[in-house]
Amino acid sequence: MRVVFAGTPDPAVPSLRRLIDSARHEVVAVVTRPDAVAGRGRKVQRSPVGQLADQHGIRVLTPRRPSEPEFIDQLTELAPDCCPVVAYGALLPQRVLDIPRFGWINLHFSLLPAWRGAAPVQAAIDAGDEFTGASTFQIEAGLDTGPVFGVVTEKIQVTDTAGALLARLADSGARLLETTLDGVEDGALHAVPQPNEGVSYAPKVVAEDGRVRWDQPALNISRRIRAVTPAPGAWTEIGGTRLKLGPVEMVEEELPARTVEVRKTGVFVGTATTAVRLDQVQPQGKRMMAALDWARGARLQPGAVFE
């Protein structure tokens, strides 16, 4: 099939790479979000998907909005049979959805109808789900409501961060997406409507969602930190200064909520239940470091608390 691939961040790259390498499908163009400022140097950069397309000499389209007449004309001229989508990051108008004869097929990182929306992996970890997965479905007007072609499942490990889990799903999902396109082209695969039961939503995760609420149980805190790692990142404040946190370890002892206790064996913080031990932390303007090194350098006083 002639395909126009739509995607933007790193998790979309394995799918694009797999389709580029496919013997059955030809990637005639890529649609991605416009170049944006990123990285420590705050330089304008092409998206990861756009960079991979450039490396292979594939045409890259970067409309600010998919509803732009110029983009619609470009897509119509390309005449794709299908448009696979992985984390593109913009809503597609019906006029655009109608262009490819097999429509737009989305790879979504959840077991639909669970966790429709922008942050399904983060939501699954935060909720304490035992399993998650990826689904391919036909895009329609609703938010991730279209009929499903296929799924793969993935067990959520107790130490999984959103970044680690998403990386595994990106790889297994890429295989699922290619298999879905094969089946659609052959006429052997037909989408099945999503059930009405089990619907849940995963809104976009913002920086404020990473603030640790130390009056919550240790299990909830651990899940939330892993859910927002690496982005937007978990954080707390002490002495009016923000401190970024890596995943924590739950321990079988109690401390008053928010209390920070520095010992030879580590830095411990009280929660609503048992304490947690900090692993890696990042003070403002510095790199990630061992929590004990930070605490010694900060010269925390007995009775110090996180705000």
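Me: What percentage of the 307 residues in the chain is buried?
Reply: This is a predicted model, in which local features need pLDDT of at least 70, side-chain atom pairs count only at pLDDT 80 or more, and totals for chains, interfaces and linings use all residues. Residues are numbered from 1 along each chain as its sequence is written, and side-chain values use heavy atoms, with hydrogens and water left out. Buried means under 20% relative accessible area, exposed over 50%, and partly exposed in between, with a 1.4 Å probe and protein chains only. Of the 307 residues in the chain, the buried share is 47%.

Me: How many helices and strands does the chain have?
Reply: Helices are DSSP runs of H or I with at least four residues, strands are runs of E with at least two, and both are numbered from the N terminus. The C-alpha atoms fill a box of roughly 70 × 45 × 30 Å along the principal axes. The count for the chain is eight helices and 19 strands.

Me: Is S110 buried or exposed?
Reply: S110 sits in the loop between β7 (104–108) and β8 (116–117). Contact means heavy atoms within 4.5 Å, and beyond four places in sequence S110 touches W115, P120, T132, G133, A134 and S135. With a relative accessible area of 0%, S110 is buried.

Me: What is the relative accessible area of L111?
Reply: L111 also belongs to the loop between β7 and β8. Leaving out residues up to four places away in sequence, L111 has contacts that include T132, G133, V151 and V152. L111 counts as partly exposed, at 27%.

Me: Which residues do ring pairs link into a cluster?
Reply: Rings of Phe, Tyr and Trp (its six-membered ring) pair if their centres lie within 6.5 Å; planes under 30 degrees apart count as stacked, over 60 as edge-to-face and the rest as tilted. There are two aromatic pairs by this rule. W214 and F306 have ring centres 5.3 Å apart and planes at 20 degrees, so they are stacked. The cluster consists of W214, W294 and F306.

Me: How many residues apart in sequence are the parts that W214 and F306 tie together?
Reply: W214 is buried at 2% relative accessibility, and F306 is buried at 0%. W214 lies in the loop between β11 (201–202) and α7 (218–227), whereas F306 lies in the segment after α8 (291–298), so the pair joins parts separated in sequence by 92 residues.

Me: How far apart are the ring centres of W294 and F306?
Reply: F306 is buried, with a relative accessible area of 0%. The planes of W294 and F306 are at 20 degrees, so this pair is stacked, and the centres are apart by 6.4 Å.

Me: Which residues does the cis peptide bond with omega of about 5 degrees join?
Reply: Most peptide bonds are trans. A cis bond with omega of about 10 degrees joins T229 and P230, and P230 is in the loop between α7 and β12 (234–238). The bond with omega of about 5 degrees joins A231 and P232.

Me: What is the phi of D144?
Reply: D144 is in the loop between β9 (131–138) and β10 (148–155), and is buried at 10% relative accessible area. Most residues other than glycine have a negative phi. The phi of D144 is positive, near 55 degrees.
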